[in-house]
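Welcome! Take a moment with the sequence and the 3D view, then try the exercises and check your steps against the solutions.

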Amino acid sequence: MENLWILLGAVAGMAVLLVLWYVWTANNLVAKRNRVKQCRSSICVVLKQRNDLLPNLVAAVKSYMGHESEVLVRIAELRSRMSAAASEGEQIKAGGELSSLLARLNVSIEDYPELKADGQFHRLQANIEEMELQLQAVRRTYNAAVTDYNNAIEMFPSSVVARRQHHRQEELIEIAEEERRNVDVAALFGK
């Protein structure tokens, strides 16, 4: 009879440990998912800040760059699309396109010494470059949070809890193909 009580106590102890592990794992998965959401939201905040600066940059540049209006028009279109985007994913995608356009704009600006000497333009450009750096940092943080979350929902034994609670993988932010290509420096200098 005493062995039966020991066996029942051991089984009850294991059951309690299993329940505690399940609760801890479920809470950990929720925390990781919320971290991904927070990082995605941070990307949208930085994109919004950058978009608020863009009209000032475009106005400063427009007075000097009449014939490069294609880039300026595209920037304005993307900014509008980002403002109207329904999902954070659409905002993030448009933000990536906007980053590549801003790089093209910086190359175009090299032909305008008057613009490069303008103090207001330098302040705006510095602010936008700072926003781009913040955006890169927050994208890296987002991708790290997504990787951590995806690993947690795929690896055993936490995958059992993740499946029962319907956790789904999140997508990493991918860099557009044109941004991955090597820069042709000779073309930048007109050679």
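**Exercise 1.** Find which residues Ile-43 touches, leaving out residues up to four places away in sequence.

*Solution.* Keep in mind that you are working with a predicted model. Start at Ile-43 and skip its neighbours up to four places away in sequence; the contacts are then Ile-92, Leu-135, Val-138, Arg-139, Tyr-142 and Ile-173. Next, look at the largest nonpolar core, which has 32 residues: Ile-43, Leu-54 and Tyr-142 touch the most other members. Now ask where the core residues come from: helices H1 (2–62), H2 (69–84), H3 (88–109), H5 (119–154) and H6 (158–164) each give two or more. H5 contributes the most, with 11 residues.

**Exercise 2.** Decide whether Glu-88 is buried, partly exposed or exposed, and work out what it contacts beyond four places in sequence.

*Solution.* First, locate Glu-88 in helix H3. Its relative accessibility is 30%, so Glu-88 counts as partly exposed, because that class lies between the limits of 20% and 50%. Beyond its close sequence neighbours, Glu-88 is in contact with Arg-40, Ser-41 and Cys-44. Finally, compare sequence and space: Glu-88 and Cys-44 are 44 residues apart along the chain, yet their C-alpha atoms are 6.8 Å apart.

**Exercise 3.** Describe the protein chain as a whole: how many helices and strands does it have?

*Solution.* Count the elements: there are eight helices and zero strands. Then turn to burial: 34% of the 191 residues are buried. For the surface, the chain exposes about 12200 Å², with 58% supplied by carbon and sulfur atoms. Last, take the contacts between residues at least 6 apart in sequence: 77% of them join residues at least 24 apart.

Technical notes: Residues are numbered from 1 along each chain as its sequence is written. This is a predicted model: local features need pLDDT of at least 70, side-chain atom pairs count only at pLDDT 80 or more; totals for chains, interfaces and linings use all residues. Side-chain values use heavy atoms; hydrogens and water are left out. A nonpolar core is a set of buried Ala, Val, Leu, Ile, Met, Phe, Trp, Tyr and Cys residues joined through side-chain atoms within 4.5 Å. Buried means under 20% relative accessible area, exposed over 50%, partly exposed in between (1.4 Å probe, protein chains only). Helices (H or I, at least four residues) and strands (E, at least two) are DSSP runs, numbered from the N terminus. Contact means heavy atoms within 4.5 Å. Accessible areas come from the Shrake-Rupley method with a 1.4 Å probe; for residues, only the protein chains shown count as cover.
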